[in-house]
Amino acid sequence: MSQIIKYRFSILTLLVIILCMFFFTECINNEKDKTDSTVAAYYKAFAGAASCINCHTDIYNAHTNTAHFKTSGPATENNIRGSFKAGENTFDYNTGSKVAMEKRGDGFYQVAYINTIEKKSKRFDMVIGSGTKGQSYASWTGNFLFQLPITYFTSAAQWCNSPGYPNKIAFNRPITSRCLECHATYAEKMAAPETGPEAFDKGTVIMGVTCEKCHGPAAKHVAFQTQNPTSKIAKFIINPASFSRQQSLDQCALCHGGRLQKIKPSFEFTAGDKLADYFLIDSLSPDVNSIDVHGNQYGLLKASKCFLKSNTLTCNTCHDPHKNEKGNAAAFSQRCLSCHNDKHADAVLCKMTASLGKEINNNCINCHMPQQPSMAIAVMLQGADMPTPALMHTHLIKTYPEETKKILAFIKQH
């Protein structure tokens, strides 16, 4: 009798376990379905930059030449800056190991060799960086994105060890959603941060900082304007021209405001939102001399007298986000002179104009915002003992006597 009871109890226990497993599996599937539908619903809110061409042809064409638009993209032959030619395609670590950049049947690869024996290869899948200063590269492993060990450094025109990587071969640095938030328009995260490297839905990655980064997801806007071509009022779209000063600054500070600690998931901030609602903002004024010229242009600008004495100066006062004006010192100088001229009673005028004439006014930038080394973008070139920093224009606007001497000497010689 006891054996029968034990047998019935075992059967009952087994049935309970099977039922629990069934309901648990269904729960997981339902959660996955809900997640997938949420991803699909939000991703579908984006129309893609190409949808802007019909109505905004000139702006679109100009924007595709900007560093913002090119800050990430597919790793095609045209997009990768470095050479794959023999003799120009390797980085040696002086330990019998090297990484070679190779073109293979299905794409481009970084291939690790130790004592001439191939140990590992990873494909170039994504270009990160416009190439103005350099490019890093990312490779997919399943739904995980990793930075490749070798970067291209533009000023030296050569391959180098990726910034922050040890002086040895490594393929294990994960790319986070916060990285992509500044180098892409959108990417859907699939896994919670506490589970390790973040997984992304590959199909939702919108590369480059494109129109919808600043104007918001535009699918509704495109649909409305397509159906109502004569409407003169743009609907379902964000117009940054209507922003308050702080809204405009917050929009740029998302990526140019230093190391922000997020308190909400990446990509939830939308242009026009208050940055402090999404990130912890350090209210203490940092030592301006400790701010690197890369990544926290906002912090440097805020410490400048031009900013402090103005009620309207923002990043867009000097930068047209739709145009590539890199190297056009005269254009930026004219924006300086829109305030620093004799029509403004309290304006500070350039003291060099009287002795050197108006030609000095074509180069306010190199005197008052000179290029300085960035240790945030410092790379180890082949054979070097010390990192080589990229040079970038500082956004701390002030007088730099030594830089001014260089400019004056150059002008006198020419």
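Is R335 buried, exposed or partly exposed? R335 is partly exposed, with a relative accessible area of 24%. Here buried means under 20% relative accessible area, exposed means over 50%, and partly exposed lies in between (1.4 Å probe, protein chains only).

1. **Ground rules.** This is a predicted model, where local features need pLDDT of at least 70, side-chain atom pairs count only at pLDDT 80 or more, and totals for chains, interfaces and linings use all residues. Residues are numbered from 1 along each chain as its sequence is written, and side-chain values use heavy atoms, with hydrogens and water left out.

2. **The partner of R335.** R335 forms a salt bridge with E325, and their closest N and O atoms are 2.7 Å apart. A salt bridge is a side-chain nitrogen of Lys or Arg within 4 Å of a carboxyl oxygen of Asp or Glu. E325 lies in the loop between α9 (315–318) and α10 (329–337), while R335 is in helix α10, so the pair ties together parts that are 10 residues apart in sequence. Helices (H or I, at least four residues) and strands (E, at least two) are DSSP runs, numbered from the N terminus. E325 is buried, at a relative accessible area of 14%.

3. **A four-stranded sheet.** Look for the open sheet of 4 strands in the order β2-β3-β4-β5, with antiparallel pairing. Its edges are β2 (90–92) and β5 (117–123); each has a single partner strand, so one side of each is left without a neighbour in the sheet. On average, neighbouring strands of this sheet are turned by 20° against each other, direction ignored. Such angles run from 0 to 180 degrees between N-to-C directions, and the axes are lines fitted to C-alpha atoms, for helices over the stretch in contact. Strands β2 and β3 (residues 97–104) run antiparallel and are joined by 3 bridges. Two strands count as paired if DSSP finds at least two bridges between them. F91 stands opposite V99 in β3.

4. E118 and R104 form a salt bridge, with closest N and O atoms 3.0 Å apart. This pair links distant parts of the chain: E118 is in strand β5 and R104 in strand β3, 14 residues apart. E118 is partly exposed, at 38% relative accessible area. R104 is also partly exposed, at 28%. A network of salt bridges links E102, R104 and E118. The count for the structure comes to 9 salt bridges.

5. What is the phi of N115? Phi is positive, about 55°, although N115 is not a glycine. N115 sits in the loop between β4 (107–114) and β5. T116 is in the loop between β4 and β5 too, and its phi is near 70°, a positive value in a residue other than glycine. N115 counts as exposed, at 54% relative accessibility. T116 is exposed as well, with 71% relative accessible area.

6. **A hairpin.** β16 and β17 form a hairpin with 6 residues between them, and G383 in the turn has a positive phi of about 85°. The two run antiparallel, with 6 bridges joining β16 to β17 (residues 388–393). S374 stands opposite A390 in β17. β16 (residues 371–381) also pairs with β10 (residues 158–161), in the antiparallel sense over 2 bridges. There, the bridge partner of C160 is L381 in β16.

7. **Helix α13.** Which residues of α13 are buried? They are T404, I407 and L408. Seen down the axis of α13, its buried residues fall within an arc of 100°, so they line one face of the helix. The arc is that of the directions from the helix axis to the C-beta atoms. On the other side, E402, K405, K406, F410 and Q413 are exposed. E402 forms a salt bridge with K405, the closest N and O atoms being 3.4 Å apart. These two are 3 residues apart in helix α13, separated by about one helical turn.

8. **Cysteines.** The structure holds 0 disulfides. A disulfide is a pair of cysteine sulfur atoms within 2.5 Å. C252 is in no disulfide; its nearest cysteine sulfur, that of C315, is 3.8 Å away. C252 is buried, at a relative accessible area of 19%.
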